[in-house]
Amino acid sequence: MMKNRDIVIVGLQPWDIEIGSNCKNIATEFAKHNRVLYVNAPIDRKTYIRDKEKPNVKKRIDIINGAENLVEIAPNLWNLYPRSIIHSINWVPFTGLFSIFNKSNNRKFAQDIKAAMQRLGFKDIILFNDSDMFRSYFLNEMLKPDLSIYYSRDNLMVHKYWYKHGHILEPKLMSRNALVVANSEHLARTAAQYNRNSFNVGQGCDISVFDSTKEYAVPEDLAQLPRPIIGYIGAVLGHRLDIPMIREIARLRPDWSLVFVGNLDADFKNSDLHSFPNIHFLGLKEEKSLPNYLQHFDVAFNPQSINDYTVANYPRKIDEYLALGKPTVATDTATMSIFRDVVYLGSSAEEYIQLIERAITEDSPEKRQQRIACAASHTWDQSVKAIYEAIYKVRPDLQPK
């Protein structure tokens, strides 16, 4: 366990983001024994002009105009809102020219961070970069950390925005850090091409809302559906979920209710799945009500597509499913292999149907306890301990005596 260090965290997600965030969870764990400065990304000029009426942008404009920009979140944990406005530069066609403008942006960002470090008395920092390959590209040379870590948690190169310059810059940035930590074996192997000190530190999950010892009331919109109920909880996105496979499962098993709890993207809103009487889209629900739905599924499933995005993606919903002991069927990917002992893995509609039937037939109290134990082992405490162990392999001198 690392103690009494000053850690600066930069990344893609601000502290006030409304969705879950790996980096926020990691920051909270770091702060149990270290001082942590969590830095929001600076606002860019395009956002400043285009979205100035949005509440989160208004908040940042107030800070730019002089409001307090350093907020104590908890003991040992501070959140910095940069005052700088950076240039919107991703339109620049050539990465070499982009890097010139990007260095100017990085310089402004670094000045904000240095000012906050001075106020807090931070010294000999550890810089933890959560995939911020552009705005934080030059921070190693500008902040001169005692140790720099790059965190890879998604294959961002599948997105055009990141690929445009990121396919050149991210490998270089990985190589410039002392080590790279990743939340899957696939991403760790990819990073190892550019930095031999690359480690899979696993994925944490906050499963506190999913209490297997409780009995949750069945929601009204679920109670009226025919059983068995095969359910999914999470964002319902076309690039993540296999629409043709879902369609085929529904066609072959019209006696099953396929239930999706979460917001639909355009792909799903415009799909023909709405014409199937046994497919039910229940919409987004409050987080506190999710266990009510999950506990009353007969089987939970995650019918992922297999593509460049999902092959490296760690679906946190699997731990949530397992935390309530639910029999679970998911798509067989490299990342999902770690769940092979407790999750039924398949790749086609026919396999899914066979595995769902097995999951229902084979369910037992013993299997439920195995699933619950598996989910309990995937905590943020365990993931951060793995980060510390990775640090000590690269820098043995930092290990507590």
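1. Basis. The model is predicted, with local features requiring pLDDT of at least 70 and side-chain atom pairs counted only at pLDDT 80 or more, while totals for chains, interfaces and linings use all residues. Residues are numbered from 1 along each chain as its sequence is written, and side-chain values use heavy atoms, without hydrogens and water.

2. Sheet order. Six strands form an open sheet in the order β13-β12-β11-β14-β15-β16, and the pairing is parallel. The edges are held by β13 (279–281) and β16 (344–346); each has a single partner strand, so one side of each lacks a neighbour in the sheet. From one strand to the next the twist averages 25 degrees. Strands (E, at least two residues) and helices (H or I, at least four) are DSSP runs numbered from the N terminus, and two strands pair if DSSP finds at least two bridges between them.

3. Pairing and packing. β14 (residues 299–302) and β15 (residues 328–331) pair in the parallel sense over 3 bridges; Phe301 has Val329 as its bridge partner in β15. Helix α9 (residues 243–252) lies across β12 (257–261), β13 and β15, and runs at about 145 degrees to β12. Angles run from 0 to 180 degrees between N-to-C directions of lines fitted to C-alpha atoms, and contact means heavy atoms within 4.5 Å.

4. Second largest pocket. Its volume is about 230 Å³. The lining comprises 15 residues, with Asn155, Met157, Glu170, Met174 and Thr190 nearest the centre. The largest share, 5 residues, comes from α6. On a 1 Å grid over the protein atoms alone, a pocket is an open set of points with protein on both sides within 12 Å along at least five of seven lines, a cavity is a set where a 1.4 Å probe fits but cannot get out, and lining residues have an atom within 4 Å of a point.

5. Largest cavity. The volume of the largest cavity is about 40 Å³. Its lining consists of Leu127, Asn129, Ser136, Tyr137, Asn140, Ser148, Ile149, Leu173 and Asn177. At least two lining residues come from each of β7 and β8 (147–152).

6. Aromatic pairs. The structure holds 17 aromatic pairs (ring centres of Phe, Tyr or the six-membered ring of Trp within 6.5 Å; planes under 30 degrees apart are stacked, over 60 edge-to-face, the rest tilted). Phe98 and Phe134 are edge-to-face, at 5.2 Å centre to centre and 70 degrees between the planes. This pair links distant parts of the chain, 36 residues apart: Phe98 lies in helix α4 (residues 95–120), and Phe134 in the loop between β7 (126–130) and α5 (139–143).

Methods:
Points joined across faces, edges and corners; volume = space filled by probe spheres on them.
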